[in-house]
Amino acid sequence: MAISINGGGALGIGPVALMCEIEKKLGEGWISKNAAAFGGTSTGAIVAACLDEGMSAEKIRKFYRDNLKDIFKKYSLWERIKDLKKPTYNHARLKELLMDCMKGKCSDWEKPIFIPTTRLNGKKSVEKVWDRGDADVDKWFAVLSSTCAPTYFDVEKLGDTWYADGGMWANSPIAVLNAGLKRAGFRDDYRILTFDTDMDMMVRVEDNQTLLGWGSYVLNEWVARSGKSGDYQVMADIGRENVHVLSPSANGKKYKLDDVADDKLDELEKIWRGYFTEHEEQIISFLQNT
């Protein structure tokens, strides 16, 4: 069984809350111990990496709840006026946290992990996936580079190459994970549990739009959903019965990926925990392959 977690900033608290419910039923640290591989983009990269480090779901939840406000710490207006290239948030605290809890190189991860990022310059493909083959790259950098969403956080440099958010091309890493497992020699009898942070929060349009209207709609509503095609591709490849998509509904409410107010995080946790309660039998059965 492999775990795939989508990007989505603070929305990542939802999947982690559901993981806590799983581990209440199956035991602390069950996911980290029993999953064979992980895939994660942006906030999903943080969760995936923490699981590969052996952390329990509750410990990851504490990591999020204790630090999200510091992770989304705004640059001052004066700093952004002085440097017009400054994004909204300073991710220095996230960098410190990742450096502290993720020691060693990508090759040191115990289990296979696949983390999409985006190269911004250089001759190689702009689509990059960090995995255990990147023996010269620090774990923390691989994860941090996947979270560097333009306009939200600074992009990061390694050598002569700049890297940005993996969500620019693979907000859902399920297809990347599936391809990585095949390249690593896994047979086709594995299963993938994927956490979809989108939560069906799209604004609906009823007619044609202006050029600006379509641009805003596509950017804000569809870019993050582009990874939905990966679900269909992987289901066709390894069998629909071997893919379980966890995707609760926000019931028409919009949650921003940078809204770290306690009440919003509480709401997200409640939605995902409620989703687990509603689908507990199917989820546990899929995990235990019964």
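How many of the residues of helix H3 (residues 43–52) are buried?

Analyst: Keep in mind that this is a predicted model. For helix H3 the count is 10 of the 10 residues buried, so the helix is largely enclosed by the rest of the structure. Going along H3, the buried residues are Thr-43, Gly-44, Ala-45, Ile-46, Val-47, Ala-48, Ala-49, Cys-50, Leu-51 and Asp-52. Just past the end of H3 sits Gly-54, with a positive phi of about 95°.

Asn-6 itself belongs to the loop that runs between strand S1 (2–5) and helix H1 (13–26). With a relative accessible area of 5%, Asn-6 falls under the 20% cut-off, so Asn-6 is buried as well.

For contrast, have a look at Asp-237 in helix H11 (residues 228–238). Asp-237 is partly exposed, at a relative accessible area of 38%. Not counting residues up to four places away in sequence, Asp-237 touches Asn-178 and Lys-182. The side chains of Asp-237 and Asn-178 make a polar contact of 2.8 Å, and a polar contact of 3.4 Å links the side chains of Asp-237 and Lys-182. Asp-198 is 39 residues from Asp-237 along the chain, with 23 Å between their C-alpha atoms.

Last stop: a helix pair. Helix H4 (residues 57–71) packs with helix H12 (residues 262–288) at an angle of about 155°, and their axes are 11 Å apart. That angle is over 145 degrees, so H4 and H12 count as roughly antiparallel to each other. Their crossing is right-handed. On the H4 side, the residues that meet H12 are Arg-61, Arg-65, Leu-68 and Lys-69, and on the H12 side they are Asp-262, Leu-265, Asp-266, Glu-269 and Arg-273. Sorted by class, this contact has 7 charged residues, 2 nonpolar and no polar ones. As for the spacing along each helix, an α-helix has 3.6 residues a turn, so residues three or four places apart point the same way.

How values were computed:
Residues numbered from 1 in each chain as written. Predicted model: local features only at pLDDT ≥ 70, side-chain atom pairs only at ≥ 80, totals over all residues. Heavy atoms only, no water. Axes fitted to C-alpha atoms, helices over the stretch in contact; angles between N-to-C directions. Helix = DSSP H or I, 4+ residues; strand = E, 2+ residues; numbered from the N terminus. Parallel < 35°, antiparallel > 145°, perpendicular 65-115°, else oblique. Left-handed = near helix turned anticlockwise from the far one by under 90°. Contact = heavy atoms within 4.5 Å. Nonpolar A, V, L, I, M, F, W, Y, C, P; charged D, E, K, R; others polar. Buried < 20%, exposed > 50% of the residue type's maximum accessible area, 1.4 Å probe, protein only. Polar contact = N/O pair within 3.5 Å; in protein donor to acceptor, adjacent residues only side chain to side chain.
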